Structures are given as structure tokens and as C-alpha cells.
Amino acid sequence: MVSIESVKESPFEIPVKIIFVPRGKESVLGVAIEGEGDGFTVKDGRIIYAIAIDGESPDDIRRFAARCIRIAREYRLDSIYIIPPSAENDTYFFLSEGIELSAYAFDKYLSNKPFRPKRVYIHSDDPNGVYPYIRKGVHFSEATNFARNLVNEPPNSIYPETLRDVAIELSRDDTLFDIEVLDSEKMKRLGMNAILYVARGSVHDPYFVHLSYKPEKTKGKIALVGKAVTFDSGGLNLKTYDGMKTMKMDMAGSAAILGVMKALSFFKPDVEVHAFFAAVENMPDGNAYKPGDIVRAYNGKTIEVLNTDAEGRLTLADVLSFVSKHHSNVDYVVDLATLTGSIMVALGPYTAGLFTENEHLREAILTNGQMEGERFWHMPFDKRLGEKMKSKVADLRNTAEMRWGGAISAAMFLRNFVDFPERWAHIDIAGPAFTVEDVDYNPPGGTGFGVRTLLRWLLSF
Ligand code: BES
Ligand code: ZN
Ligand code: ZN
């Protein structure tokens, strides 16, 4: 992470400046930079840049910060001095988010690490007053970067055991955390067969993990569920080269909820939060589950497996049934899952599909998402598509005969495992969880999508 400080005056002796001119704005934004980097020459000790920004929305400010970091990288500047677009407290929050998110790089496996700026000074007339907002931004980004790291780790490093260990490690951060882990023996006894079936082709045993945060004072109870397929090869319905190459990201839902949990030990909000995931690897093998298999999920419903690549919904079926049975007193249950390619056909790669019939929950996610620069679009439940998920030989089938509306039929499938759908939101993050291109403050790889929206929501309790 970059170290961020608020200061009254530029700490640098060399008066090198980059001036940002906001489009259609009178005020001038300035960045002073220190030192000389490769290929960087100081003319008269002063360099003027004029770069326009689009406005002062939270995301405009994050993007502005990202451009400052880009310039620091380009000129190999250890430290930069930023004069923010406005003196509002939240500007410092958005700026520090933008700085930490764009300065992130997953370089632990690189022998030659790319240059990273180390310090950012942000101007303020009241450095102490704005500091808490900077700190908040740093913790929001740290949680996001934590999730990004988990997604970016290769599948030979993050597999069910190690993902379980990440949660166990996290639970030691704070006495307000508790952890419950079920191994395959335990799941067998309990009848969590859908999880076990998906895991059958893998050499890695599956684990069910329940990490909880219980503050002394609590104004509510929230369950967060994350899809945690540490690698999705498709199983016997093997994916193609193109389809498989990014499938280490199929645990991004669980990474996001772990990122949220990590930040709770810092913010300590007055709300009980329970995170659940079933860590599995989906592989083809002599012992793998097969198209045609019928499996009985934790809530007793039978599922005909028609496609072993529709594995996420199987694991989620057991987890959602578990939450329904043992935590029916939650105010809300929200699941995050890289569930379908179909949601990307519908919304593109930058937007998550939000399925919920709860207006309050919908508004909470949409408005917090808007503030955090995470895009959600409300999607419909469709009973007629739900009908297509019925099997002739079992209660349900895991894929519809028809491929149209695949993200919706997946949501309709999950609905069969939630006992209180009026308090539930399903979020299909297959698109925005991972990016192959550099987008604003998201470098290629895992984006940590969902962390900041959920965090902002939980802090509003
Ligand atoms: N993990 C994939 C969905 C996915 C695709 C996530 C692309 C991110 C990027 C999921 O398990 C899957 O394979 N879904 C199938 C479902 C189909 C077999 C009904 C899909 O979307 O093709
Ligand atoms: Zn799949
Ligand atoms: Zn998957």
C-alpha cells in the first residue's frame, strides 16, 4: 500500500508541478512531484501539465487519483503532492481509494518488480480534520486489494484447503470473529451432497466455511454467501481454452466477502455479519460427477446434473439451504457469485446483475454501489424460466434446456434453496469480478468487486 498523508504545504524543495485543469472548471488542480526519474528532466525546476478531468463525482475523483499514480509510475517518482479538486471530507476518502486501488499491483511472482510510487501527500488546510477520511479510504481499498490478491493468486496456490486457511487466519484478527469449518466427512453426515458432488473430480477435498463477526451491540444480522470454486475447469463438460484461462477467478465471490470481513475488524460496525462459502475445485476425473447424475441437496431437493460446468449453483444450493435452516433470523442474505457467462452477454463485462425482490435491499445495493463506483443493474426473476429448471426425473435440473436468459434461470434455480426469498439478493458478478484490461483504477486481474459496496452498506447500520 502507498503511504498517504495530508499536509498543509508541499514537503518538497524542488517546485516541480503537474497542473490538472478540470473541464469547464475555474479552479486549478495541482500535483507537485519530487525527484528525477528515468528519462525525466526538470526544466527550470518546473513542469506544467494540463490534464482535464470530467467532474467531481466520486468516480471522477478516483479516476483523477489514478491518473496521478499513472504519472508517478511513468516518471518513477517515489512521492507526489496532490492538490485535491475540492476541500470536502469525502473528497479525501475518494482520493485515497483511487490512489490505493490504482497503485495496486500483483507482482509477488515477478523477479523484476515494476516501479511503484511510495508516498502521496494530499494538500489540506486542515490536515488532522481530513485524516480520518483518508484512513477510511485506505481501509476500503485494503479490503478490496485483499480480495484482489486472493483472486490473482494462481489455482496452485489457492485451492479449497488454502482458501479455508485464509478464513481461519482472518478469524484470529479479532476476538469478535468466530469460525466454523466443516470437512467432507462432516458434510457427508449432514447431507451437503451437492458440494461433495462438485468436488468429486478434484484431488482437493472441499471445505464449508462459516466466519462470523459478532459485535457487542447489534442492530441487525446479515448473511453473506460467496461462490468459492477455486478453479472451474468445467468438469467433464470441460471448458475451452478461452473459457478456462481465467477460471482461477471463480472464487471471487468468496474473496469479496472475506475482504469485507477483514475490514470489519477495523470499522467494527454495530451489525452481526456471517460469511459463508463452500470451497471446491471443479475437475474432470474418473471419480468426477457426471451429466445424468442425480444428487440430493442439503434441503432434501433432488437435482439432475445435466452440465457439470453449472457447478456454482450446486455448491450455492447447499450453502443457501444451510443458511436458511440455521440462520433463518437474518435480516438479509446476499450472495455474490461468478455464476454465468450469460450475465456478461446481458450487461457487458463491467456490470453485475442484481436479483432481488426486496426494494429496500435493492436500493441499498444500488446507491452504495453508485457511491463506490461499482455498477449493478437490477434483473428480473422470471417464473416461466424457473419452470425450465424442473426435471422429469428429479425435483430440479441444473441447466435449462433453453440457453436464453441463462443468468435468470440460474437465479431461479438458486431460489429453490432460499426459504425467505423476500430477504435475499443474488448478485451475479461474473463480468466485473475480473478484468483483462486496465480500467480506470482497476489493473488487469481480480477487481475485488463488491467489497466496497457491501462495506459501505454494512457501515450504514
Ligand atoms: N464460472 C462459470 C461462469 C463464468 C463464466 C464466470 C465466465 C466468469 C466468466 C460457471 O460455472 C459456468 O461455467 N456457467 C455456465 C453455465 C452453463 C453451463 C449453464 C456458463 O455460463 O456457460
Ligand atoms: Zn462452470
Ligand atoms: Zn463456475
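Mentor: Let's start with a term: a donor is an N, O or S atom within 2.8 Å of the metal (3.2 Å for Na, K and Ca), and since water is not among the atoms, sites may look incomplete. This is a predicted model, where local features need pLDDT of at least 70 and side-chain atom pairs pLDDT 80 or more, while totals for chains, interfaces and linings use all residues. Residues are numbered from 1 along each chain as its sequence is written, chains are lettered from A and ligands numbered from 1 in the order written, and side-chain values use heavy atoms, without hydrogens or water.

Trainee: How do you know which residues are protein donors of the zinc ion (ligand 3)?

Mentor: Lys-227 (NZ), Asp-232 (OD), Asp-250 (OD) and Glu-311 (OE) lie 1.9 to 2.4 Å from the zinc ion (ligand 3), so they pass the 2.8 Å limit. Along the chain their spacing is K-x4-D-x17-D-x60-E.

Trainee: Why is the site of the zinc ion (ligand 3) called octahedral?

Mentor: Its six donor atoms make angles of 78 to 174 degrees.

Trainee: What makes Lys-227 buried or exposed?

Mentor: Buried means under 20% relative accessible area, exposed over 50%, and partly exposed in between (1.4 Å probe, protein chains only). Lys-227 has 2%, so it is buried. Asp-250, at 1%, is therefore buried too, and so is Glu-311, at 0%.

Trainee: Which residues are the protein donors of the zinc ion (ligand 2)?

Mentor: They are Asp-232 (OD), Asp-309 (O and OD) and Glu-311 (OE), at 2.0 to 2.2 Å. Asp-309 has a relative accessible area of 23%, so it counts as partly exposed.

Trainee: What is the site of the zinc ion (ligand 2) called, with six donor atoms?

Mentor: Irregular, with angles of 73 to 167 degrees.

Note on methods. Four donors count as tetrahedral if all angles lie between 85 and 135 degrees; four count as square planar and six as octahedral if opposite donors are over 155 degrees apart and all others between 65 and 115; anything else is irregular.
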